[in-house]
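Visitor: Please show me the structure. I would like to ask about it piece by piece.

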Amino acid sequence: MATTVTSTDGIIEKGIGAGPGSRPGNGFHRNGGGKGDSDPTRFYSDRYRLGMWVALASVVMLFTALTSAYIVRAASSNDWRPIAMPGILWLSTAVIVISSFILESARRALKQHHDRIYGRWLVITAGLGITFLGSQLMAWRQLVRQGVYLSTNPHSSFFYLLTAAHGVHLLGGILALGYLLLRTRSPRESVAAESRRIGTVDAVSIYWHFMDGLWVYLFLLLFFWK
Amino acid sequence: MAEVIHEAVHRHEPPKSFIRKYIFSLDHKVIGIQYIMLALTAVLVGMVMSILMRMNLSWPGTNWPILGTLFPTGAPGGVISPEFYLSLVTMHGTIMVFFVLTTAPQGGFGNYFLPIQIGADDMAFPFLNMMSFWVTLVGFLVILAAIFVEGSVGVGGGALGEALGGGGTGTVGPIGGWTGYAPLSALGKIAGPGQGAGMNLWIVSIAIFCVGSLLGALNFITTLLNMRTRGMSLMRMPLTCWAWFTTAVLALLSFPVLLGGGILLLLDRVGGTSFFIPAGLYVNGVLNGDPRFPLHSGGSPLLWQHLFWFFGHPEVYIAILPGMGATSHILATFARKPVFGYRAMVFAIFAIGALGFFVWGHHMFISGMSPYSAIAFSILTLSIGVPSAIKTFNWLGTLWGGRIRFTTAMLFAIGFVSLFVAGGITGLVLGQTSLDLPMHDTYFVTAHFHLVMGVASIFGMFAAIYFWFPKMFGRFMNEGVGKFHFWVTFVGVYCIFVPMHIMGIVGMPRRYAQFTEYQFLGGLHSLVQFVSIAAIITVSVQFLFFINLFWSMFKGKKAGPNPWDATTLEWNTSSPPPHDNFEGIVPTVYRGPYEFAVPGAPKDFMMQTEPVDARETTEDGHNGHKH
């Protein structure tokens, strides 16, 4: 019977897992990270970053599915008529890429405790995000003026679908930036609250950079692939 | 020292008002029970639908006056119409797969017990957890609305359906099967009954459900990785946690694909696109391009099948893996033995989950796919037999030589093993292309997936509810009624599904409303009736279960904190657990999850929080950690 009993000694000796004799934490990160960890700051910021990466895995799967549909649809038909790229998309791309750098500046300002500069950079990032969405809408209008609609041909269908799906996700990012902006006024209290704030900012910036990269990917897929 | 005082402040205080406590609750335990209640409601609807289908198959053309009153157009004059039957097939499948098999094992039991079993006070993101339930509930309401919009249930339903653009005649909901195959599902009303607004709502409901599941999966993964208590290393987690974790990973990666596919399908229906609609379709006497039928070209119906089954196959494991976890957990507890081969069980769960992403093609052997891809899919499919067999043999190894306590929960767990083997073995038949081709559209497949993914998962849930009920409500369910429930259900499901294999081998096609016109199937009619009678008896007994469940909540025998002499953390707190699960104490874990019958230990079970005693001997050189 004893052959299947999991005992602790091996764990403690070798430092596998996290027996109470080895070190605190849960054995997932190098130095713990669970609630047993004596450092409460790691607890919060880890959770938000981890949650964001997990959420992004599902976003990746959504766009992977749409990409595979795009490739199959493009390859298996003879009705694929590529639409002309609306020139304003270059502006969109530039704006969203710049916004990522601005957001990084904001993060740096926060870590150096320059709260006002942090807030200012956040406003600029959100403004660039809104500019991006406006620019995308202009691209839609440009196509509509040319008589290219959702159902015109498969390429236009995918163009509207992918830009809309990305736009909805980016809108979520803008709302998250708005939430961060509301929180800029809250005073720096405890270490735990502070690390929670940093964790939130990290999670939002991971999301924002991801949406930036996602747009660049979609832009390449829609107009430069093949 | 077994426990240390909780140093951190709780993230949310116990709620005071009724609404915050029981309705919009952030407590994972309340949310878990909400999910279970949702699943119970959904299963009731799904069961009634299956009985209606059996009635039509066994006694075709019979006049059931009450049906005529309830469904004036679905069953005009009390006779079930073929369209009604097909919409029943669709809704039964959709409601059972999504709102029963996906919600209860994961959203229900997983939500309730994962945080407790890892020693956390709640999920990582309680608000998202609450949202995931409410989003799922909206999905359920939308799918119910699909029935009313598409068909004509009761007085006024028909008029309402027409006003909203429903397909109208003779249905009680969308028609398309739970798979919603394109191109018929992508065309709209032109494709016939059951293809109007109800079908749109069907797609919207599935999309909403995807979002709810994703929020849940995100929470499960983060909670498990981030919130395990002191000493709870990954390899000390109960197998239930491993199962819920793997299920969450599967949901996280597969539901977005269904969501993407659903969006494309909806756009084909309402946006005039042609993702799934090929050129030159001739449907219901109308050629594509006719003024009544907007022109489509170039789409691929197979694309829908790929997207759907890329989700659909992992979905099967989403349904069954939590049942596997619960079964391992319960078998060990009532055999008074550690789970045989804990590590192998963990890796088998992962192997099943990982392989599940590469086998979707076996649902599409008859789609005319290349034989080369079919062989690849076939080999990968059959290879799932290896981890499945590891699990089965380890379950048997756990039972072997145990001092078994035959509680109702144990009976259902053993029943799970039986059904998993009985249903899984035909998977080896259907996983081979040459055998699948003739069998695919017959009752053989119906029998296979009902046994292995439907009934086995349900048995996992039954085992879970009888096992954890004392923890959830502080009272036992009635064991005598429970055992009667088990035996009738166990014998009943075999009486229902074993004959279906025979029907399938004879060649009886699935999804047909009746078989009166097929002479070669005439000899099977008494068997069909036998199945229906078995189904009616089995379903009737479930009402006994419902009564037992609700009666025991208030009148059952009181249960202590650890009524089953079990070892894991959920038995380390009061029944039911307080708001923060451990009353402000952070449990510390010193041992593995299933330390029953440890040599040298003072009791036959050692809880995870009990420090290891020097007299306990595990020094036989065969310990899993010592090499």
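Guide: Here are some questions and answers on chains A and B.

Guide: This is a predicted model, where local features need pLDDT of at least 70, side-chain atom pairs count only at pLDDT 80 or more, and totals for chains, interfaces and linings use all residues. Residues are numbered from 1 along each chain as its sequence is written, while chains are lettered from A and ligands numbered from 1 in the order in which they are written.

Visitor: How many helices and strands does chain A have?
Guide: Helices (H or I, at least four residues) and strands (E, at least two) are DSSP runs, numbered from the N terminus. From that end, the elements of chain A run α-α-α-α-α-α. The count is six helices and zero strands.

Visitor: What percentage of the residues of chain A count as buried?
Guide: A residue is buried if 20 or more other C-beta atoms lie within 10 Å of its own, exposed if 12 or fewer, and partly exposed in between; C-beta atoms are placed from the backbone. Chain A has 226 residues. The buried part is 39%.

Visitor: Over which residues of chain A does pLDDT stay under 50?
Guide: pLDDT is the predictor's confidence in each residue, from 0 to 100. Its mean in chain A is 83, and 80% of the residues reach 70 or more. Where pLDDT is low, the predicted coordinates should not be read in detail. In chain A, pLDDT stays under 50 over residues 1-42.

Visitor: Why do the buried residues of H13(B) line one face of the helix?
Guide: The buried residues of H13(B) are B:Pro387, B:Ser388, B:Lys391, B:Asn394, B:Trp395 and B:Thr398. An α-helix has 3.6 residues a turn, so residues three or four places apart point the same way. The arc is that of the directions from the helix axis to the C-beta atoms. Seen down the axis of H13(B), the buried residues line one face because they fall within an arc of 130°.

Visitor: Which helices are included in what covers the buried residues of H13(B)?
Guide: H13(B) covers residues 385-399. Its buried residues include B:Trp395. The cover includes three parts of chain B: helix H10 (301-335), helix H11 (342-355) and helix H14 (408-430).

Visitor: What does helix H18 of chain B reach from its first C-alpha to its last?
Guide: H18 spans residues 525-555, so 31 residues. The expected span of a helix is 1.5 Å times one less than its number of residues. That gives 45 Å expected for H18, and the model is close to this. The helix reaches 45 Å.

Visitor: Which helices do the buried residues of H18(B) pack against?
Guide: The buried residues of H18(B) include B:Val528, B:Phe545 and B:Leu549. Their partners in chain B are helix H2 (28-58), helix H16 (443-473) and helix H17 (479-506).

Visitor: What is omega of the cis peptide bond that joins B:Ser575 and B:Pro576?
Guide: B:Pro576 lies in the loop between H18 and strand S4 (585-587) of chain B. A cis peptide bond joins B:Ser575 to B:Pro576. Its omega is about -10°.

Visitor: Is B:Asp565 buried or partly exposed?
Guide: B:Asp565 is found in the loop between H18 and S4 of chain B. Its phi is positive, about 55°, although it is not a glycine. With 15 other C-beta atoms within 10 Å, B:Asp565 is partly exposed.

Conventions:
Two residues are in contact if their C-beta atoms, placed from the backbone, lie within 7 Å.
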